[in-house]
Amino acid sequence: MTALLRPRPAKSVALLAALGMILSSPAFAACLQDHAVYTDRDDDYTLTFKSVPDDGAAVTSDEFTIKMNDSDLKMDGVVMWDKDGGRPNATIRYKCPAGDATGAELQQCTVWKGVVYALKEGADAELLPKAKEPSAQALLLPDFSGAMSSFNFKLEKPLEAFPWEVFRFKECVPEQ
């Protein structure tokens, strides 16, 4: 019984404190950006990041898809940082031609272009974390909804619901 009353070594206390912080921290903080999944406010659209091999020469930091949850509509996105690493510029495209495409062809299939912002509690906006950094709590794609409403998807059934411009963290996909 006296063994239970003995003071714990400092190492055990530090381990318990660290474990408590990990268990109480939000899931998005434990997830790397290239494994994060987000959803819009109405859960109509899902934005999923995917891991991109880092060969050191690529300017692309992240790739992602945006899918309308109750249809086959799927868009591909890529994030490229400015040469000086200043801003994460994203491009979202729909049904672009495979292989080498001309500038005009890429322009025609581009739904949205802009800077992606990471939002934090308290309305703070920062730049999107890089692929191997802890994921953002929420993402802001300024005027994405407006760009989608004016893009011609050439669908049999017109889109009725456009995504909100804020996507909130939903889950983390495991390493594949």
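Me: Cys-109, is that one buried or exposed?
Reply: Buried. In this predicted model, Cys-109 has a relative accessibility of 4%. The cut-off for buried is under 20%, so Cys-109 falls in that class.

Me: Which residue is Cys-109 joined to by a disulfide?
Reply: Cys-96. The S to S distance is 1.8 Å.

Me: What's the handedness of that Cys-96 and Cys-109 link?
Reply: Right-handed, with 80° about the S-S bond. The two cysteines sit 13 residues apart. Cys-109 is in helix H4, which spans 103-109. Cys-96 is in the loop between strand S5 (88-93) and that helix.

Me: And Cys-96, how much relative accessibility does that one have?
Reply: 28%. That makes Cys-96 partly exposed, whereas Cys-109 is buried.

Me: How many disulfides does the count come to?
Reply: Two. The other bond is formed by Cys-31 and Cys-172, with their sulfur atoms 2.2 Å apart.

Me: Where in the chain are Cys-31 and Cys-172?
Reply: In distant parts, 141 residues apart. Cys-31 lies in the loop between helix H3 (27-30) and strand S1 (36-40). Cys-172 belongs to strand S10, residues 166-172.

Me: What's the angle about the S-S bond there?
Reply: 80°, and the link of Cys-31 and Cys-172 is right-handed.

Me: Cys-31, buried or exposed?
Reply: Buried, at a relative accessible area of 1%.

Me: What's the pairing if I number the bonded cysteines in sequence order?
Reply: 1-4, 2-3.

Me: Remind me, what kind of bond is a disulfide?
Reply: A covalent one, between the sulfur atoms of two cysteines.

Me: OK, switching to Lys-74. Which strand is that in?
Reply: Strand S4, residues 74-81.

Me: Why does Lys-74 count as partly exposed?
Reply: Because its relative accessibility is 44%. Partly exposed runs between the buried limit, under 20%, and the exposed limit, over 50%.

Me: What is Lys-74 in contact with, leaving aside neighbours within four places in sequence?
Reply: Thr-65, Ile-66, Lys-67 and Tyr-94.

Me: And Lys-95, how many residues from Lys-74 is that in sequence?
Reply: Lys-95 is 21 residues from Lys-74 in sequence. In space, the two are 8.4 Å apart, C-alpha to C-alpha.

Definitions and conventions
Residues are numbered from 1 along each chain as its sequence is written. This is a predicted model: local features need pLDDT of at least 70, side-chain atom pairs count only at pLDDT 80 or more; totals for chains, interfaces and linings use all residues. Side-chain values use heavy atoms; hydrogens and water are left out. Helices (H or I, at least four residues) and strands (E, at least two) are DSSP runs, numbered from the N terminus. Buried means under 20% relative accessible area, exposed over 50%, partly exposed in between (1.4 Å probe, protein chains only). Contact means heavy atoms within 4.5 Å. A disulfide is a pair of cysteine sulfur atoms within 2.5 Å.
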